[in-house]
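Please look over the sequence and the model shown here before reading on.

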Amino acid sequence: MNRPGLLSLLLRAAFLTFIAALVILPLLATFLGGFKTLGELRAAPFGIPSNWSFDVFVDILTGSVFWTYLGF
Amino acid sequence: MTSIHPAAPAGARRRPSGFSRMRSDGSLTALMVFLPPAVLLFTLFVIWPIFTAVDLSFYKWNGYGDVTNFVGFKNYAVLLNNSIFHQSLFNSIKLLLASIFLQIPLALVLALLLYRKTSANTAFRLIFFAPYILAEIATGLIWSFIFDGDYGVSAMVADKLGTEPFYILADKQWAFWTIIVVVVWKYFGYHMMIFIAALQAVPSDLIEAAEIDGASPLKTIWYVKLPMILHAIKLSVLFAITGALQVFDIIIPLTNGGPSNSTHSIVSFLYTFGLARMNVGFGAAVGVVLFILCVGTAFSYKRLALDKGGQL
C-alpha cells in the first residue's frame, strides 16, 4: 500500500478543519452567549463575553419553570 | 388450499399455510397472548388518530364545541387551489432534493475520510455529530442570530465587504436557502455515522485485495467500499426523504414561514393555517395529504430501491 502524500494529508486536514469550524462556531457562540447580557448578545453575538455573567444560569436553576418542564 | 393446486410439483414440500401450521406448533397460543397489547396500542395511538384526521378533514371546525359543520371535500378543494400550499409543497421537494444531493454526498465524503479508528478521527466524528444532538428549536434560534442582517454574521460580512446589509431571512428569493443550510448542517453528522458504521463493517481483506491488485484509492472506494455500503446509503436516503418531508421546528424559529409565507414546509403550513388559525378541519386535510405523500414516497422508494436485490 502506497502511503498518502503530504499534500493529500494536508488537504484532508484542511477540509475536515473547515467543516469542523462550520459546525463548532455556532455551537460556541451559543455557549458563550449564555454568559453575555442581552445587550451584548445583540451587539456582538460572536466573541468572548466582556464580563462573564452567570445570572441567567442562576435564574434558570433557581426558578421553578425549568424544573417543572424537566419533570420535577 | 392444497386441492386448488393439484398440479404442484411433487418435489416441492407442501408446507401447511399460516393458520393451521401455527395451530399445530403452538405458536398460535403465543400469538394470542402477546399480540393483543401491541395491536391495541398501535390501534389506539396510530390507526385511530389517522382515521380521526380523515374524518375531521371533511368538517369545518375551529377546535371547540361539537363537530357538526360537514363540508365534504371543500377543505381539499381549498387546499389544492391554495398558492401558499403549492409553494410549501415545492419547498418540501427542494428540501428533499437538497437532503439527498447535498447532505448525503457530504456525509459520505466525511465518512470515507473518518471511518478508520484513530483518535483524531474520533474527535472529528464527535464534532460532526454534535448538531444532531442539539434541539431543533435551539438550532433555529442560533442560526437566526447568524443570519440576522443587523447584528449577525450576515451583518459582519456585509460590513467587511462594505455593502448594504443583506437581510437574508427576509429575502423572498434566498430565505429558503437558509433553511436548507441549517437542515444540512444539523443532519449530515447523522448520515455520516450511518456510513461510518457500514464502512467499518466492510471486510478489510476485500480492501486489501483491491490494493494489492493495484487499485487506486478512488477505484477502491468506487468498486469496493461504495458497493459494500450500498444498503446503508439506501437506508440513509430513506431517512433523508422522510425527514425532509417532516421539517417543521427548524422553520418556525428561523423564518416562521415568512417572508410572505414563501418558506413554509408542508408541516409548518399545516401548523400555521390549520392549528394557529383555528381551522382544524383544514389542518386535518393538510395532514391527510401529507400522510399520503409520505407513505406514497416511502413505499415507492422501498419498492424501487430497497427491495431490489433483496437487500434490507
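A residue is called buried when its relative accessible area is under 20%, exposed when that area is over 50%, and partly exposed in between, with a 1.4 Å probe and protein chains only. The model is predicted, and for that reason local features need pLDDT of at least 70 and side-chain atom pairs count only at pLDDT 80 or more, whereas totals for chains, interfaces and linings use all residues. Residues are numbered from 1 along each chain as its sequence is written, chains are lettered from A in the order in which they are written, and side-chain values use heavy atoms, without hydrogens and water.

Helices here are DSSP runs (H or I, at least four residues), numbered from the N terminus. In helix 5 of chain B, the buried residues are Asn121(B), Phe124(B), Arg125(B), Phe128(B) and Pro131(B), and they pack against helix 1 (6-33) of chain A as well as helix 4 and helix 8 (175-200) of chain B, where contact means heavy atoms within 4.5 Å. In helix 6 of chain B, Trp143(B) and Phe147(B) are among the buried residues, and their cover includes helix 1 of chain A together with helix 7 (153-161), helix 8 and helix 12 (251-254) of chain B.

The contact of helix 4 of chain B with helix 11 of chain B has 11 nonpolar, 4 polar and no charged residues, where Ala, Val, Leu, Ile, Met, Phe, Trp, Tyr, Cys and Pro count as nonpolar, Asp, Glu, Lys and Arg as charged, and the others, Gly among them, as polar. Residues that meet there include Leu95(B) in helix 4 and Val237(B) in helix 11 of chain B.

Rings of Phe, Tyr and Trp (its six-membered ring) pair if their centres lie within 6.5 Å, and planes under 30 degrees apart count as stacked, over 60 as edge-to-face and the rest as tilted. The structure holds 23 aromatic pairs over all chains. Because the rings of Phe31(A) and Phe35(A) have planes at 75°, with centres 5.4 Å apart, the pair is edge-to-face. Phe58(B) and Tyr76(B) form a tilted pair, 5.9 Å centre to centre with 50° between the planes, and both Phe58(B) and Tyr76(B) are buried.

Conventions: Helices (H or I, at least four residues) and strands (E, at least two) are DSSP runs, numbered from the N terminus.
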